[in-house]
Amino acid sequence: MKISLNWLRQFVNTDLGAAQISELLTDLGLEVEGVHTYESIPGMLEGMVVGEVLTCEKHPNADKLKVTSVDVGEDEPLSIVCGAPNVDKGQKVVVASVGSTIYPIAGEPFKIKKAKIRDHVSMGMICAEDEIGVGQSHDGIIVLDDKWKPGTPCQEVFSPESDQVFEIGLTPNRADAMSHIGVARDLKAGWLQQGIQTKLITPSVNDFHIHQSLKPIRVDVLDAKAAPRYCGVRISGVSVGPSPAHIQNKLKAIGLSPINNIVDATNYVLHEIGHPLHAFDANEITSNTVKVKTLPKGATFTTLDGVERKLHEEDLMICDGDKPMCIAGVFGGIDSGITEKTKEVFLESAYFDPVRIRKTAKRHGLSTDASFRFERGIDIQLCDYALKRAALLIMEVAGGEITSEISDDYPNKAKQHQLTIQFDYINKLIGQEIPREEIKSILTSLDIKINNVSETTLGLSIPSYRVDVTRPADVVEEILRVYGYNRIDFSDRLITSMPTSEKPAYDEERVLSQQLANLGFFEIYNNSLTKLQENENDKSVPIVNPLSQELSAMRTSLFGGLVDAIEYNLNRKNNNCRFFEIGNVYQKDDSEYIERKQLVIGLTGMQHANHWRSNGQSNDFFYLKGIIEAICKRAGIVYTENSLENQKHFSEGISLQSGQNMFGSIGKLDTSAFEGLSIENEVFVAEIDIETYKALATITAKHIQAISKFPSVNRDLALLVNHDVSFESLQKAAQETEKKLLTSIQLFDVYEGRGVPEGKKSYGLSFTLNDQRKTLTDKQVDKVIKKIFDKIQKDFGAELR
């Protein structure tokens with residue numbers, strides 16, 4: 001938020017500079033993030049003076065140039081070469097002397113230097129409007145009134161204004177400080193605590209009166225909950241044109257562009273007292289009735305920016321009868337705004353429900369000065385005062401007179417909020433005792449009325465503009481920020497909580513994350529909000545008040561963020577991606593909301609970067625399957641692999657099941673399932689339900705076993721099996737057959753093709769046998785291998801090649 005120092009001084013008398021005021025504002029909780037200088041004319045015309053053209057002759061070496069001698073109030077006139085067609089003897093002109101800097105409307109500032117132009121010395125420059133920033137014209141030089149004497153500084157002629165502008169980082173709760181008067185109120189309270197007596201100067205509306213009530217416009221509020229108060233008045237006989245310079249300069253200083261005197265007056269009052277207003281062309285209200293209501297869903301309305309918008313059934317509209325004129329509290333319409341032809345104005349001042357305004361603004365992607373304030377809550381009691389203040393200002397800058405009574409629809413009067421607070425509570429929350437008289441003084445300076453005082457308690461009435469002060473804790477915050485955070489003492493004691501011996505609930509997740517990180521994966525974090533997918537409306541959890549359409553629902557899967565991260569990295573030539581994320585996903589099942597934690601893993605590119613000693617190997621399904629095996633083995637989870645039934649995100653894959661619990665899946669990502677995705681590489685992904693994973697994880701003691709002092713024996717078998725027989729089933733059968741001596745089974749070859757019958761495949765299996773007590777003989781080994789083969793042959797029809 002921007003606050004002008006010149007404007008601020010209209011409400012509090014102070015000679016303090018910007019630095020001192022910045023320090024006090026920050027101490028009061030209105031953090032000043034920066035201060036910059038505003039100049040109504042860039043450069044403030046420094047070094048420019050009034051000159052009188054004494055002679056004007058044609059340049060002997062140029063058809064379009066003239067050689068002039070100009071009196072600038074010095075001992076000798078200056079010789080200046082000028083190319084303006086209108087320069088002539090006897091004129092009073094603006095002269096930029098050598099050494100001064102000019103700031104043109106278009107282009108960069110530059111310094112005037114002594115120059116030689118076509119053999120003639122030029123000791124300055126005779127300026128046009130756009131060359132010094134006082135106007136847009138470049139048709140010729142500026143010709144001044146004859147009253148100005150040569151040598152008069154141009155600052156006296158054009159009266160440029162300079163201002164200091166504060167950039168305040170306002171917290172969302174401080175709706176009362178979203179204006180110059182609001183900031184001035186805080187300054188007054190701060191100075192009073194410093195012993196500096198000052199008063200808040202507010203604009204008077206005593207001159208407001210109705211000239212004649214001949215043209216009333218009826219107001220009909222059909223939704224009093226959405227619009228608890230609505231005021232309006234008619235002003236006739238206005239003349240639309242530019243605003244006076246002092247209003248334009250103040251608006252420009254805080255970053256607003258002047259539009260016309262009517263609109264500028266409403267903007268001026270908005271930033272002056274913090275209350276939004278809207279001006280309609282009254283002649284466009286053909287029904288002579290303003291209705292505040294909603295319209296059917298899907299109705300269209302064209303706003304001031306020329307965009308046709310489809311309305312929601314909860315969008316509150318200001319209507320001419322049944323014809324919409326304005327989105328209440330957010331944005332005006334293209335057909336009812338103020339134009340150069342406007343002669344009659346209907347001025348609106350209202351209080352709209354903050355929640356309704358916030359939802360409407362977000363739905364339409366609009367954020368205006370008005371919606372910014374309505375969303376946070378304004379002072380409902382200020383409606384009539386703001387209306388009178390704006391009406392008086394409009395008549396001051398545009399003429400006209402009040403031609404209707406004030407329509408004030410305010411059926412349910414807001415009551416002043418009352419609070420009771422104990423002195424002990426104040427001191428306990430602050431952590432330090434503050435004198436009671438100082439507490440009462442601070443509250444009074446903040447316009448918080450003290451109704452009654454006892455030995456232990458204060459009874460308070462909160463001003464209506466402090467919509468954020470609703471609890472005793474809020475009152476303590478107000479006391480503390482004015483008292484001064486810097487005056488609170490630090491304790492010499494260090495208070496901490498001791499860790500417990502209980503195992504943290506997140507321990508399994510931490511171990512899992514650490515294991516994946518050790519395996520070379522990078523953990524990523526993504527927003528839990530995403531775009532609402534039309535095909536998931538039955539399961540998605542939509543956000544009631546979304547920040548944008550892109551963040552309008554809770555995520556139902558972690559895959560969206562994972563593939564976005566992979567795509568982002570691939571587009572930046574990081575081709576070897578190994579990512580994982582642990583996070584919550586959200587679904588709606590009928591009326592029940594379900595929140596579960598999941599793990600997703602994704603990889604693409606090479607397992608390791610290319611090296612001079614190896615060409616590297618691509619990431620594939622089996623590499624990721626090995627990663628899953630490793631993390632399940634560490635957790636003590638024994639599982640089986642099944643075909644994947646729900647292939648929403650997979651083009652092919654398997655599911656993981658332990659007992660009756662299906663807890664994960666592995667496969668190749670189906671990139672076509674994601675809208676707008678431009679990944680050409682193969683991406684392999686895995687998904688694990690963390691809650692099921694935790695439930696299945698077993699805590700077992702680690703057993704240390706010495707390496708056998710007797711040698712192991714390896715035997716290889718080449719087996720022909722049916723195409724649908726998996727290595728896992730053969731491995732399981734072998735382990736069940738020989739549990740004592742068989743220590744491992746490795747699959748070292750898989751072959752299909754020439755020499756292998758159709759429907760068959762060849763497995764090369766290596767069996768390792770070991771006895772911890774003695775050396776195995778060939779006879780023992782042959783017996784074990786035969787027993788294993790007989791089992792495999794019987795169960796799977798395997799044959800030796």
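**Reading the labels on this predicted model**

In this predicted model, 69% of the protein chain's contacts between residues at least 6 apart in sequence join residues at least 24 apart.

Q: Which residues make the contact of α6 and α7, and how do they divide into nonpolar, polar and charged?
A: From α6 come Ile247, Lys250 and Leu251, and from α7 come Asp264, Asn267 and Tyr268. They split into 3 nonpolar, 1 polar and 2 charged. Tyr counts as nonpolar here, so Tyr268 joins Ile247 and Leu251 in that group.

Q: Why is Thr302 called partly exposed?
A: Its relative accessible area is 25%. Buried means under 20% and exposed means over 50%, so with 25% Thr302 lands in between. Thr302 sits in strand β18 (residues 300-302). Leaving out residues up to four places away in sequence, Thr302 touches Val307, Glu308, Gly333 and Ile334.

Q: How do you know how the protein chain's radius of gyration stands against a compact globule?
A: A compact globule of 801 residues would come out near 28 Å, but the protein chain has 40 Å. The C-alpha atoms fill a box of roughly 125 × 90 × 65 Å along the principal axes, and buried residues make up 47% of the 801.

Conventions. Residues are numbered from 1 along each chain as its sequence is written. This is a predicted model: local features need pLDDT of at least 70, side-chain atom pairs count only at pLDDT 80 or more; totals for chains, interfaces and linings use all residues. Side-chain values use heavy atoms; hydrogens and water are left out. Contact means heavy atoms within 4.5 Å. Helices (H or I, at least four residues) and strands (E, at least two) are DSSP runs, numbered from the N terminus. Buried means under 20% relative accessible area, exposed over 50%, partly exposed in between (1.4 Å probe, protein chains only). The radius of gyration is taken over C-alpha atoms; the globule rule is 2.2 Å times the number of residues to the power 0.38.
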